[in-house]
Amino acid sequence: MITIKATILLEKGLWMALFERTDKEGYAVARHIFGNEPTDPEVYEFVHNNYLELKFGKPQEFDLQIKRVNPKRLQRQVRKEVEKAKKSTKPSTHAQDYMREELELKKKEKKKKKGADKRARDDEQFSLRQEKKKKKHKGH
């Protein structure tokens with residue numbers, strides 16, 4: 001069974017959509033930036049035409065456990081969470097945490113690739129300098 005959830009939110013002046021997918025592989029998230037506030041028909045059209053083009057991250061294991069909680073206890077917990085959210089600058093959702101982890105992984109990969117490219121370029125320049133030195137000494 002595959003479950004897909006779309007959340008439209010305003011972040012840093014841009015309207016974006018978070019698409020959360022839960023299936024047998026795990027939990028994955030993709031995002032799309034709309035720019036201006038999208039209307040319901042625009043969102044529907046985007047999902048209908050471009051859903052397959054979305055780039056979901058690597059699936060993570062996601063275990064959902066539902067426990068029965070006493071209703072009064074649940075109210076107290078909700079009240080505490082709301083107070084906590086008011087004090088913090090921005091509450092974070094599971095999808096936002098997931099996107100943040102994906103961004104960090106991409107940054108690390110890019111940094112490794114950039115470092116490897118720089119080392120290869122430096123090695124190439126070094127070998128060219130060595131050849132140039134040898135050519136200078138051969139003629140004399």
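# Calls and cut-offs in a predicted model

Trainee: Why is D23 called buried?

Mentor: D23 has a relative accessible area of 18%. Buried means under 20% relative accessible area, exposed over 50%, and partly exposed in between (1.4 Å probe, protein chains only). So D23 counts as buried.

Trainee: What sort of model is this, and how are residues numbered?

Mentor: This is a predicted model: local features need pLDDT of at least 70, side-chain atom pairs count only at pLDDT 80 or more, and totals for chains, interfaces and linings use all residues. Residues are numbered from 1 along each chain as its sequence is written, and side-chain values use heavy atoms, with hydrogens and water left out.

Trainee: Where does D23 lie, and what does D23 touch?

Mentor: D23 sits in the loop between β2 and β3. Not counting residues up to four places away in sequence, D23 touches M1 and I2. Contact means heavy atoms within 4.5 Å.

Trainee: Which elements does the protein have, and in what order do they run?

Mentor: Three helices and three strands. Helices (H or I, at least four residues) and strands (E, at least two) are DSSP runs, numbered from the N terminus. From that end the order is β-β-β-α-α-α.

Trainee: How do you know that the protein is more spread out than a compact globule?

Mentor: Its radius of gyration, taken over C-alpha atoms, is 25 Å. The globule rule is 2.2 Å times the number of residues to the power 0.38. The C-alpha trace spans about 95 × 40 × 35 Å along its principal axes. Of the 140 residues, 18% count as buried.

Trainee: What makes the span of helix α3 agree with its length?

Mentor: Helix α3 has 45 residues, 94-138. The expected span is 1.5 Å times one less than the number of residues. That comes to 66 Å, and the end C-alpha atoms are 66 Å apart, so the two agree.

Trainee: Which residues of α3 are buried, and what do they pack against?

Mentor: A95, Q96, Y98 and E102 are buried in α3. The buried residues of α3 pack against β1 (3-11), β2 (14-22) and β3 (27-35).

Trainee: What does L9 contact?

Mentor: L9 is in strand β1. Leaving aside neighbours within four places in sequence, L9 contacts L14, W15, M16 and L18. The C-alpha atoms of L9 and I33 are separated by 9.8 Å, with the two residues 24 apart along the chain.
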